[in-house]
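Please examine the sequence and the structure shown below. The paragraphs that follow lead through several of its features in turn.

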Amino acid sequence: MATVVLGAQWGDEGKGKITDVLSEGIQLCCRAQGGHNAGHTIVKNGKTFDVHILPSGVLTDGCVNLIGTGCVVYIPQLFKEIATVEKNGIDTKDRVLVSDRCHVDLDLHTKVDGLEEVELGKGNIGTTGKGIGPTYSTKATRSGIHVADIFNKQLFDTRLRNMAAGFKKRYGDLLQYDADEEIKRFDEYRETLKPYVVNQVPLIESAVKGNVRMLVEGANALMLDIDNGTYPYVTSSNTGLGGVFTGLHLNPRKIKETIGVVKAYTTRVGSGPFPSEQINEIGEKLQQVGKEFGVTTGRKRRCGWLDLVVVKFSNSINWYDAINLTKLDILDDFDEVKVATEYTYEGSRLASFPANLDVLEKMEVKYETLPGWKSKTVGLTKYEDLPENARKYIEYIEKFVGVRVKYIGTGPARESMIVR
């Protein structure tokens with residue numbers, strides 16, 4: 001049976017920590033989509049680890065980690081992360097696997113990513129610049145490269161040259177790229193990569209039939225989903241529950257629990273709609289106290305109050321069994337806390353989160369104000385030890401969304417978690 005962990009907002013909710021906590025006793029930890037644009041921070045034994053393409057289960061002894069078919073893989077980043085965790089005494093031998101059907105994120109894609117953002121000007125998406133969008137684009141136009149293709153040098157070289165020629169026609173001299181240099185690098189990667197690559201289909205089938213305990217780690221979050229997010233200010237993959245099934249070939253009837261990870265306030269990196277954003281001292285305080293800087297880019301995150309319209313919309317798509325509320329402790333010093341509960345447009349209440357960007361820009365947000373608790377929750381591990389107003393805040397969220405808050409993060413440490 002599998003437990004699925006998914007981001008319920010715009011990412012950076014703290015999925016890595018709950019994934020690490022739940023990975024104890026897990027035999028197989030999987031990523032289903034995304035690439036090294038994701039960034040998960042995990043504090044373990046006093047050390048802080050940032051992983052971008054490796055599943056967080058790599059830090060758990062005996063847990064096998066699979067980068068699934070729906071992912072795109074930048075090979076140098078994969079090697080870099082493996083080297084980093086091994087340097088810290090974590091053995092990855094036979095514990096890191098890459099589906100041979102993953103698409104390869106090339107340096108060519110990274111260069112094109114930068115050119116696309118420049119071309120968009122003030123309307124840029126605010127991507128991580130990691131080549132993720134262009135890699136998924138070449139996948140969709142059937143001009144991309146599978147991981148399996150790397151091991152057929154003639155095929156790989158031909159496909160890469162054809163891809164480069166196509167982009168050269170599009171961008172001309174603006175694209176400064178040497179295909180021969182990248183081909184030489186892959187000549188060096190080929191043998192090192194080979195032991196990690198597997199056919200995912202029989203692996204997952206065997207795991208399901210053998211009742212292997214599985215954990216699926218979502219990357220990014222629902223509001224960045226290519227179909228359901230704030231398009232076009234989204235990532236290029238399906239970040240919701242649907243992406244788990246297409247990216248891992250997992251049996252839908254073998255899902256034990258789907259956990260939505262919700263930050264106790266809201267953040268977003270990059271451009272795009274953010275209804276509850278606070279461009280004021282509240283936003284600044286959340287950013288500073290919460291240390292809100294992107295793990296992948298280092299960019300300052302935009303901050304605002306918890307938007308329950310977003311969380312409820314997310315639940316309508318992902319159907320969470322439980323919520324992991326993270327970073328509750330960041331709100332400890334607020335006199336009052338607000339939650340967004342309703343959107344109105346031209347005098348009418350909106351039934352759900354709208355797709356129309358013009359409506360998102362012009363609509364009004366209604367807030368409910370709740371009393372703060374003005375006392376420390378850092379490190380608490382029992383629900384009854386939380387201040388009364390903190391408990392009321394959690395219970396308000398539960399009632400509004402209709403999903404139980406089962407896990408509550410009370411600090412960055414692995415042990416700072418309440419389980420109800």
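A crossing of two helices is called left-handed if the near helix is turned anticlockwise from the far one by less than a right angle, and right-handed if it is turned clockwise. With this convention in hand, one may turn to the structure, which is a predicted model.

The crossing of helices α2 and α6 is left-handed. Helix α2 comprises residues 75-87 and helix α6 residues 179-193; their axes lie 11 Å apart and form an angle of about 50 degrees. An angle of that size makes α2 oblique to α6. On the side of α2, the residues I75, P76, L78 and F79 take part in the contact, and they meet F186, Y189, T192 and L193 of α6. Sorted by class, the residues of this contact comprise 7 nonpolar, 1 polar and no charged.

Helix α6 also packs against helix α5, which spans residues 153-171; here the angle is about 150 degrees and the axes are 10 Å apart. Angles over 145 degrees count as roughly antiparallel, and α5 is therefore described as roughly antiparallel to α6. The crossing of α5 with α6 is right-handed. From α5, the residues K153, F156, D157, L160 and R161 meet A179, D180, E182, I183, F186, D187 and R190 of α6. What is the make-up of this contact by class? The contact of α5 with α6 has 5 nonpolar and 7 charged residues, and no polar ones.

How many disulfides does the structure hold? The number is 0. A disulfide requires two cysteine sulfur atoms within 2.5 Å of each other. For C63, the nearest cysteine sulfur belongs to C29 and is 5.1 Å away, and C63 is in no disulfide. C71 is likewise in no disulfide, its nearest cysteine sulfur being that of C102, at 5.4 Å. Are these cysteines buried or exposed? A residue counts as buried when its relative accessible area is under 20%. C63 has a relative accessible area of 0% and is therefore buried. C71, at 1% relative accessibility, also counts as buried.

Finally, attention may pass to a strand. V405 is found in strand β19, which covers residues 405-409. With a relative accessible area of 0%, V405 is buried. Which residues surround it in contact, leaving aside its neighbours within four places in sequence? V405 is in contact with I323, L325, I394, I397, E398 and R420.

Key
Residues numbered from 1 in each chain as written. Predicted model: local features only at pLDDT ≥ 70, side-chain atom pairs only at ≥ 80, totals over all residues. Heavy atoms only, no water. Buried < 20%, exposed > 50% of the residue type's maximum accessible area, 1.4 Å probe, protein only. Axes fitted to C-alpha atoms, helices over the stretch in contact; angles between N-to-C directions. Helix = DSSP H or I, 4+ residues; strand = E, 2+ residues; numbered from the N terminus. Parallel < 35°, antiparallel > 145°, perpendicular 65-115°, else oblique. Contact = heavy atoms within 4.5 Å. Nonpolar A, V, L, I, M, F, W, Y, C, P; charged D, E, K, R; others polar.
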